[in-house]
Every structure is written in structure tokens, then in C-alpha cells.
Amino acid sequence: MQPSPANVGDADDSDIITSHLETAVNLTSYPFQGNLNIELSPDILQFLDAHGERPEDVISDRIIDVPAIDDSLPLTRYFISRVAPTTDSAGEPVVTHGHTFSQHISFRDVCVAIGNAVRPEAWPVMVSLECHLDVPDQDKIVEIMKEVWKEKLVQEHVDVGEGRELAPKDLRGRIVLMVEYYPPQSLHDAEMEMLEGEAENVAEPALKQARIGPSLASLGIYAHSVKPGKDWLAKDILEPPHILYNLSESAIGKLFTSSLQPLIKNSLVYLRRVYPKFSRIFSSNLVPVTHWRSGTQVAALNWQRYDKGVQINEAMFVGSEGWVPKPQHLLDDGTRESGSRTVLTCDIISACNVPVASANTKAYIRADLFLASGDQSVKSPSAPSSSPSASRGDYTWTTLFTWEFAEDDMPFVRYESSVPRSCLYELNGVYSISVFCSEYGRDTRLGTFCARVEYLRQGWKLVRLFDRKGKHNDGLVLARFSVEKRL
């Protein structure tokens with residue numbers, strides 16, 4: 001194995017997502033039809049035979065397992081995905097995407113799509129509404145939401161009884177709106193100071209002319225979105241209830257070194273959303289695990305690109321309905337350390353059916369492990385294709401990757417198959433495999449697999465690879481995962 005740099009590749013149009021992602025394919029089994037409906041390479045068939053493995057068993061086995069998710073915890077105890085960021089502009093309400101090059105879409109159409117996706121027993125969906133309509137015009141979007149979502153829209157507090165906090169189970173089949181909060185004029189000066197806005201460390205009074213009218217403000221019941229004020233981590237805000245702190249990735253990033261424990265403790269009481277910095281005009285993404293480690297529940301993403309951020313997010317939330325409980329060390333003020341270690345071992349043997357540009361394409365496989373203690377990356381030597389096909393490559397590497405890390409690292413792993421150039425991807429508790437094509441000056445990613453380590457199934461597996469749009473490209477990697485806990 002050779003050490004490999006962890007440079008992030010530049011985004012280009014090949015990363016743009018044109019339809020839904022297919023990452024859930026690794027949760028399911030391939031249909032086996034007796035005659036191997038998937039064409040495996042001779043090297044893979046020979047290896048499986050030598051190790052007493054039946055190809056049909058390996059083909060039909062899924063790659064990852066997601067445990068059942070408890071829906072009775074307080075809202076602040078979860079990571080939350082797929083929050084829909086919306087921005088409304090004047091005229092007939094439309095949804096835009098901030099200062100990016102994305103096109104706008106009808107606000108009503110977006111509401112219809114969200115409403116259709118929320119089934120009666122589905123976990124709740126949180127919609128982040130950044131409204132740029134004048135106050136008199138906001139009644140129109142309130143009317144649309146109430147008309148389209150009807151009883152799905154949370155319009156009043158839900159009675160959960162005495163002695164219990166609101167949980168996702170109380171909001172199943174419902175839509176929760178995040179709405180900017182502006183304090184009423186009658187608030188005491190000291191209370192107003194607590195709610196001062198702060199963007200990129202430049203203080204800005206929250207008590208300016210309110211941009212949110214009464215009809216829209218009345219819908220922000222369980223997510224009153226505020227910009228944090230001075231010393232916000234040390235203060236308890238009682239009014240309004242159900243605060244959601246809203247920060248840019250740059251603003252919160254400045255606190256990681258000095259205030260990680262206070263950030264974790266704060267997230268046990270208040271919801272927090274981190275959004276991409278304004279310089280991401282090409283819809284690139286922040287790395288969500290960086291913010292999850294601080295207790296942040298919502299790491300808002302640009303869903304236009306299947307880049308590192310979206311891959312890690314999919315690894316966390318695949319198989320769920322967008323809600324995943326935080327690990328225990330983030331529920332103990334971030335002060336508990338288990339002291340145990342985890343050893344992850346992965347045998348990489350071969351890949352087959354990998355899309356290539358020509359029959360003489362050489363490729364290598366790269367594995368990334370994303371940890372709180374620092375990301376790690378290794379790659380195999382480049383190998384020629386043994387396939388006669390000019391469009392599909394078969395490769396054999398026989399490479400062993402091994403890592404040891406703290407149990408509390410919340411690791412993710414990723415594999416990528418490429419024609420050489422630097423790859424991208426980092427995360428904590430996430431593992432990634434990528435196949436690259438070796439080319440002079442710039443390597444091309446041929447396929448990627450990214451997973452949360454604790455979801456990996458052990459034993460020999462045929463890992464499904466995904467192209468740069470998040471689609472299964474029929475590429476398969478024969479690999480064996482082993483996860484060992486050590487005290």
C-alpha cells in the first residue's frame with residue numbers, strides 16, 4: 001500500500017445530480033436467477049471457488065445493515081438530514097438557491113413534492129424557510145403551504161403529556177417549519193442582546209425591522225431560527241421556546257478548537273443548523289461529519305452535486321428516514337470516553353464491470369477513513385484491466401487495508417476506483433472506497449462506495465460502486481470487511 005494525499009478534487013459538471021441517488025442499493029440483495037445475471041470476472045470466480053464461497057451467495061448478500069431507529073428521543077438527540085432550504089423571491093413565489101447558479105422553481109411545486117413524500121407514518125420532515133418576500137406578500141406562501149400540506153403542516157403545539165419532551169414519534173407524518181424569529185418590541189434590552197445576530201463575527205442587532213410577518217411567524221412553532229448572539233454558548237434562552245441556532249460553516253468552525261465541549265452541551269438543549277458559506281457559488285458542500293462531531297443536528301447541504309459532503313451524508317442516513325440518533329458520547333456533554341478501540345480490516349481482491357474509456361485503462365483503488373482524530377487514506381498500486389472489453393474493466397489488486405481508532409471517533413470509510421489523480425473525501429466514522437483510472441496529470445474517478453463503519457456487514461461482499469452522479473454504474477468490488485473491538 002502507498003500513502004495517498006487527501007486533496008479534494010475540483011467540482012465539475014460530471015458531479016451534478018440529475019435525478020435521485022441510488023445509494024440504498026447496498027442495503028438490498030441482487031436478484032439471483034440461477035445463471036448469474038451479473039457477469040463476474042474469471043479472477044473473482046476463481047477466488048471465490050478457492051475460498052469455498054458460492055458466487056450466488058456473495059452476489060445476493062447486502063453490504064450494509066442499518067439498525068432499527070428509536071423514535072422516542074427528544075429532537076435534539078438526533079442528526080437530521082434532507083432539510084429543504086427554500087428562498088422565496090418576489091412575484092409568484094419561487095424557490096431559489098441563494099447566490100448560486102441554480103435555476104429557480106415554483107414554490108407551489110416544491111410544496112407539492114414535499115407533501116407527496118410525507119406519508120402518514122413517515123418520520124417528520126423539517127423545512128427551512130428563508131423568506132425574501134415583503135411582509136405583506138408572505139400571506140401568499142402561508143396560504144399555499146396550508147392549502148397543499150393541510151393537516152400535515154404543524155400549526156400548533158402537540159400535546160405530549162407531562163414530564164416528556166417532544167419526540168419524532170409525536171410528529172410522524174407531519175411537516176415542521178423553520179422560520180426566522182424576531183423578538184417583539186416589548187422585550188427587555190437584556191433579552192434583546194441575547195438574541196443579537198452575528199454573521200461571520202460581525203454583530204448585527206436582531207431587533208431591526210422584522211422581515212417575518214405574523215402569519216408566517218406563527219408557523220415556526222418547533223424551530224424558531226435565530227442567529228446566535230454574544231456569549232450564546234453560556235446563556236439559557238427561555239423566550240422563544242424551541243430555539244434553532246442558525247450559523248454558517250465559517251462562523252461555527254472558529255469555535256471547534258476552543259469551545260467543542262460547550263458546543264456539544266448546547267446541542268443537548270437547542271437545535272442547531274449549519275449552512276454552507278456564501279462562497280460556495282458552484283454548490284459545493286461542507287463536510288457534515290465535521291459539524292456532527294460538535295453536536296450540530298442539521299448540516300445543510302447543496303443537493304446538486306454528489307460530492308464528498310453528499311456521499312458522507314448518504315453514508316450516515318441511508319436506510320433511515322432522515323433521522324439518526326447521536327452516538328452516546330455526544331449525549332454525555334461530549335465528556336465521556338469509552339477507552340476502547342476499533343480495528344477495521346478490509347481485504348480488496350478484485351473489481352469487475354468498472355466503466356472505462358478504453359481497454360488499456362489502468363486503475364487503482366483508494367480507501368479513505370474519516371476520523372475525528374484525523375483522516376487517513378491509502379491506495380493500491382495501479383493495475384491493468386484483464387477484460388477484453390473496451391468499455392468495462394476488470395482489475396485485481398489483492399490489497400489489505402487496516403486501521404485502528406478510538407470507538408468514539410464515529411468513523412466513516414470510502415473506497416474509490418480511479419484512473420490516477422488525487423481523490424476526495426473525509427469524514428468521521430465513515431469509510432470510503434474509490435476506484436481511479438491512472439492518467440498523466442489527472443486521475444479520473446471510476447466508482448465510489450462510502451459507508452458508516454458500524455453499518456458494514458462482515459465477510460466477503462460484492463460492493464456496488466457509484467458514478468459521479470450517485471448512480472450504481474454496475475461496477476463491483478470483491479472485498480471482505482472485519483471489525484474488531486478492543487478494550
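**Close-up 1. Arginine 452 and its partner glutamate 454.** In this predicted model, arginine 452 counts as buried, with a relative accessibility of 5%. Its salt-bridge partner is glutamate 454, and the closest N and O atoms of the two are 3.2 Å apart. Elsewhere in the model, salt bridges with shared partners link Asp61, Arg62, Asp65, Arg457 and Lys461 into one network.

**Close-up 2. A salt bridge between two loops, from arginine 457 to aspartate 65.** Here the closest N and O atoms of arginine 457 and aspartate 65 are 2.8 Å apart, and the two residues form a salt bridge. Arginine 457 sits in the loop between strand E22 (444–452) and strand E23 (459–466), while aspartate 65 sits in the loop between helix H2 (55–60) and strand E2 (78–80), so the contact ties together parts that are 392 residues apart in sequence. Both ends are partly exposed: arginine 457 has a relative accessible area of 22%, and aspartate 65 has 30%. Do look around this pair too, as Arg457 and Asp65 both belong to the network that includes Asp61, Arg62 and Lys461. In the whole model, the count of salt bridges comes to 19.

**Close-up 3. A strand-to-strand salt bridge, from arginine 486 to glutamate 404.** These two side chains meet in a salt bridge at 3.6 Å, N to O. Arginine 486 belongs to strand E24 (residues 472–486) and glutamate 404 to strand E19 (residues 392–406), so the pair ties together parts that are 82 residues apart in sequence. Arginine 486 is partly exposed, with a relative accessible area of 36%, and glutamate 404 is also partly exposed, at 39%.

**Close-up 4. Strand E24 and its antiparallel partners.** Strand E15 (residues 341–355) runs antiparallel to E24, and 11 bridges join them. A handy landmark here is tryptophan 460, whose bridge partner in E24 is arginine 480. The hairpin of E23 and E24 has five residues between the strands, and glycine 470 in this hairpin takes a positive phi near 80°.

Close-up 5. Proline 240 lies in the loop between strand E10 (224–226) and strand E11 (243–248). The peptide bond leading from glutamate 239 to proline 240 is cis, with omega near 0°. Aspartate 231 is found in the loop between E10 and E11 too. Although it is not a glycine, aspartate 231 has a positive phi of about 55°. This aspartate is exposed, with a relative accessible area of 59%.

Close-up 6. Asp134, Asp137, Asp139 and Glu143 form a negative surface patch. Of these, aspartate 137 lies in the loop between strand E6 (125–131) and helix H4 (138–149), and it is partly exposed, with a relative accessible area of 40%. In the loop between H4 and strand E7 (175–180) you will find lysine 150. Lysine 150 has a positive phi of about 50° although it is not a glycine, and it is partly exposed, with a relative accessible area of 48%.

Methods
Residues numbered from 1 in each chain as written. Predicted model: local features only at pLDDT ≥ 70, side-chain atom pairs only at ≥ 80, totals over all residues. Heavy atoms only, no water. Patch = residues over 30% accessible without salt bridge, like charges linked within 9 Å, V, L, I, M, F, W, Y side chains within 5 Å. Areas by Shrake-Rupley, 256 points an atom, 1.4 Å probe, with all protein chains shown as cover. Salt bridge = Lys/Arg side-chain N within 4 Å of Asp/Glu carboxyl O. Lys, Arg positive; Asp, Glu negative; His and termini not counted. Charge placed at Lys NZ, Arg CZ, Asp CG, Glu CD. Helix = DSSP H or I, 4+ residues; strand = E, 2+ residues; numbered from the N terminus. Buried < 20%, exposed > 50% of the residue type's maximum accessible area, 1.4 Å probe, protein only. Pairing = 2+ DSSP bridges.
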